[in-house]
Amino acid sequence: MRKMEKTDELTHLDKIESEAIHIIREAYRKYNKPAMLWSAGKDSTTLAYLVKKAFLGKAPIPAIYLDTGYHFQEMYDFRDKLADELDLNLIVAKNEKADEMDITPEDKIKCCGMRKTDALKNIMADKGYDALFLGIRRDEHGVRAKERTFSPRDEDFQWDYKDQQPELWDQYKSEREAGQHLRVHPMLSWTELDVWKYIKREDLAVNPLYFAEDGERFRSLGCKPCTDPVKSDVDSVEGMIEEIQSSDKGERSGRAQDKEEANAMQKLRSLGYMMVF
């Protein structure tokens with residue numbers, strides 16, 4: 001067992017870990033059939049670890065992987081290896097209709113809609129999931145600041161970002177109305193730096209794409225045609241923490257969706273688009 005030390009950093013990590021575990025347990029108790037979205041990226045892998053920690057080493061909810069068909073091979077390899085190591089009930093969701101229609105990332109909104117949102121709609125309808133855990137964070141993209149820890153989506157998966165309930169003093173509106181499912185965000189208040197410090201403390205597995213090769217690495221993972229590397233020589237989690245602390249570039253600076261017009265991501269997200277890596 002990790003020896004507790006009285007430092008500000010450990011106190012902060014312990015606090016956000018405790019909050020996340022409380023949210024996970026509360027949602028699991030409240031909803032009939034929850035699942036979690038897992039991309040094998042740093043955030044969703046941290047979420048999977050928190051789920052296991054919340055239930056004493058077991059993961060009682062399935063992990064849904066949205067396979068767009070455009071991911072890096074390293075993502076698939078890491079997914080399969082880690083799913084086995086963590087003993088996750090891995091559910092791979094893929095919208096075969098998008099392949100039949102030859103939908104490509106050239107049309108980003110349509111591609112994300114069919115290969116991510118529709119794939120998720122189909123698997124949730126097929127399996128009957130009524131709540132979905134995600135590892136999103138407010139600091140990763142501006143539109144996420146409008147999210148809530150318990151965030152309802154209607155039967156069409158649409159999100160009314162103009163009508164969000166306040167969550168004051170950790171009081172959550174977690175009731176689900178007819179036709180809705182709930183998005184549950186246990187890590188919403190975490191930062192990118194928090195995640196890497198937690199990964200270091202807990203010695204979590206890290207997707208190799210985050211580490212530099214030939215002077216470049218990926219800071220955020222997505223589909224191969226839509227994700228560019230950043231210049232970096234980082235080859236360790238410690239180096240990652242140091243680089244983030246000294247960087248003035250946004251985490252998703254290499255993601256194509258974030259280079260579109262200002263409201264593009266909000267439009268995607270209101271339609272149910274998933275950002276979970």
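Reader: How many residues apart in helix H1 are Arg29 and Glu26, and what does that mean in helical turns?
Author: This is a predicted model, to be clear. Arg29 and Glu26 are 3 residues apart in helix H1, so about one helical turn separates them. Their side chains meet in a salt bridge, at 2.8 Å from N to O.

Reader: Is Arg29 buried or exposed?
Author: Arg29 counts as exposed, because its relative accessibility is 58%.

Reader: How many salt bridges does the structure hold?
Author: There are 17 salt bridges in the structure.

Reader: Which residue does Glu17 form a salt bridge with?
Author: Lys53. The closest N and O atoms of the pair are 2.6 Å apart.

Reader: Why does that pair tie together parts that are 36 residues apart in sequence?
Author: Because Glu17 lies in helix H1, residues 8-30, while Lys53 lies in helix H2, residues 42-54.

Reader: And Glu17, buried or exposed?
Author: Glu17 is buried, with a relative accessible area of 9%. Lys53 counts as partly exposed, at 30% relative accessibility.

Reader: What about Asp80, which residue does it form a salt bridge with?
Author: Arg79. The closest N and O atoms there are 2.9 Å apart. Asp80 is partly exposed, with a relative accessible area of 41%. Arg79 counts as buried, at 9% relative accessibility.

Reader: Which residues do salt bridges with shared partners join into one network?
Author: Asp14, Glu17, Lys53, Arg201 and Glu202. Two of those names come up again in helix H6: Arg201 and Glu202 are among its buried residues.

Reader: OK, H6 then. How many of the residues of helix H6 are buried?
Author: 9 of the 11 residues of helix H6, which spans residues 192-202, are buried. So the rest of the structure largely encloses the helix.

Reader: Which residues in H6 are buried?
Author: Glu192, Asp194, Val195, Trp196, Lys197, Tyr198, Ile199, Arg201 and Glu202.

Reader: What happens just after H6?
Author: Asp203 takes a positive phi there, about 55°.

Reader: Switching to cysteines. How many disulfides does a search of the whole structure find?
Author: The search finds 0 disulfides. Cys111 is in none, and its nearest cysteine sulfur, that of Cys112, is 5.9 Å away. A disulfide would need the sulfur atoms within 2.5 Å.

Reader: Which cysteine sulfur is nearest to Cys223?
Author: That of Cys226, at 5.7 Å. Cys223 is in no disulfide.

Reader: Are Cys111 and Cys223 buried or exposed?
Author: Cys111 counts as buried, at 6% relative accessibility. Cys223 is buried as well, with a relative accessible area of 11%.

Reader: Last topic, surface charge. Which residues gather in a patch of negative charge?
Author: Glu74, Asp77, Glu213, Asp214 and Glu216 gather in that patch on the surface.

Reader: Where does Glu216 lie?
Author: In strand S7, which covers residues 216-217. Glu216 is partly exposed, with a relative accessible area of 34%.

How values were computed
Residues are numbered from 1 along each chain as its sequence is written. This is a predicted model: local features need pLDDT of at least 70, side-chain atom pairs count only at pLDDT 80 or more; totals for chains, interfaces and linings use all residues. Side-chain values use heavy atoms; hydrogens and water are left out. Patches are made of residues with over 30% relative accessible area and no salt bridge: like charges are joined within 9 Å, nonpolar side chains (Val, Leu, Ile, Met, Phe, Trp, Tyr) within 5 Å. Accessible areas come from the Shrake-Rupley method with a 1.4 Å probe; for residues, only the protein chains shown count as cover. A salt bridge is a side-chain nitrogen of Lys or Arg within 4 Å of a carboxyl oxygen of Asp or Glu. Lys and Arg count as positive and Asp and Glu as negative; His and the chain ends are not counted. The place of a charge is taken as NZ of Lys, CZ of Arg, CG of Asp or CD of Glu. Helices (H or I, at least four residues) and strands (E, at least two) are DSSP runs, numbered from the N terminus. Buried means under 20% relative accessible area, exposed over 50%, partly exposed in between (1.4 Å probe, protein chains only).
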